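Here is a friendly note to read with the model open beside you. Please follow the points in order and find each element as you go.

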Amino acid sequence: MIPVEIEGHKCKSMLVSSTSKLFELLFEDAVIQSPTYKSFLLDSGLYIVDSHGTKLLRMECPKGKGALLDELYYLDITPETVIETYLTALFNLLELVKIREKLFPEYYVLDKVVQPTKIEIKDHPAGFRKGTFTLIDEIIARNYRRIRLGSPRKLARIRYDPLDAFGARVLANTILLFDKKDLRELAFLHFKDHRIARTLFAHSTDSYLNSAFFGYLKFKVRKFLGV
């Protein structure tokens, strides 16, 4: 989904996509332990997994995963470098979006502050061979087009602003954030009961919901990168 330049002999660039598990670890403040590459026979791509076998990112090269593995080895590209490149590109993007960084995704409604009890990023069947992707990948790809491994450039402007691109609706005790254009799901914000979710949705605009969500994501990525 996201072209990342590695300047290899066989693979000048590779395609990178994320899984929801990467963001699950970010939101839960869990440490990504000992990330390694893992190859699957029925998949043309190569995954970065943590020490528990959890898939975090997926990589693919047009020349095949054998060629990509060789390039990663000879160029001494580590899984940590790929993860940090992905998250740095996301952080650079969120730096330009007009949001305030928040320690928690707090919403003020009916004279009280409410927070989600859980946040989930949604995985999508990709059409990206056998892999999956998230809309976070698309936000990055539409704004960057191409990323340099290890040093994603600073963006001059936003082409695809997540504050404007995403809407919200209520499903039971959950608020769903989705792409306004084609209704694909980005994330679920789970609340204690349906009354909180419904009241919050009724008293808040999409931009307010989005601002708190992306501000919280920005804080989590900043914390992970130590910037």
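1. Let's begin with a pair of helices. Helix α3 passes helix α7 in a left-handed crossing, a term used when the near helix is turned anticlockwise from the far one by less than a right angle (right-handed if clockwise). Helix α3 covers residues 79-96 and helix α7 residues 206-225; they pack at an angle of about 140°, with their axes 10 Å apart. That angle makes α3 oblique to α7, because angles under 35 degrees count as roughly parallel, over 145 as roughly antiparallel, 65 to 115 as roughly perpendicular and the rest as oblique. Axes are lines fitted to C-alpha atoms, for helices over the stretch in contact, and angles run from 0 to 180 degrees between N-to-C directions.

2. A word on the source: this is a predicted model, in which local features need pLDDT of at least 70 and side-chain atom pairs count only at pLDDT 80 or more, while totals for chains, interfaces and linings use all residues. Residues are numbered from 1 along each chain as its sequence is written, and side-chain values use heavy atoms, with hydrogens and water left out. Helices (H or I, at least four residues) and strands (E, at least two) are DSSP runs, numbered from the N terminus.

3. Which residues of α3 and α7 make the contact? From α3 they include Ile83, Leu87 and Phe91, and from α7 they include Phe214, Leu217 and Val221; contact here means heavy atoms within 4.5 Å. The residues of this contact divide into 10 nonpolar, one polar and four charged. For that count, Ala, Val, Leu, Ile, Met, Phe, Trp, Tyr, Cys and Pro are nonpolar, Asp, Glu, Lys and Arg are charged, and the others, Gly among them, are polar.

4. Six strands form an open sheet in the order β3-β4-β5-β2-β1-β11, with mixed pairing; two strands pair if DSSP finds at least two bridges between them. At the edges are β3 (36-39) and β11 (147-148), each pairing on one side only. Within the sheet, β4 (residues 46-49) and β5 (residues 55-60) are antiparallel over four bridges, and valine 49 has lysine 55 as its bridge partner in β5. Helix α3 lies across β1, β2, β3, β4, β5 and β11, at about 95° to β5. Helix α4 (residues 135-144) lies across β1, β2 and β11, at about 60° to β1.

5. Please check the disulfide too. The structure holds one, formed by cysteine 11 and cysteine 61 with their sulfur atoms 2.0 Å apart; the cut-off for a disulfide is sulfur atoms within 2.5 Å. Cysteine 11 is in the loop between β1 and β2 and cysteine 61 in the loop between β5 and α2 (65-74), so the pair ties together parts that are 50 residues apart in sequence.

6. Four strands form an open, antiparallel sheet in the order β8-β14-β13-β12. Its edge strands are β8 (118-121) and β12 (166-171). Strands β12 and β13 (residues 174-179) pair over six bridges, with arginine 169 facing its bridge partner leucine 176 in β13. Helix α7 lies across β8, β12, β13 and β14 (185-190), running at about 100° to β12. In the hairpin of β12 and β13, which has two residues between the strands, alanine 172 takes a positive phi near 55°.
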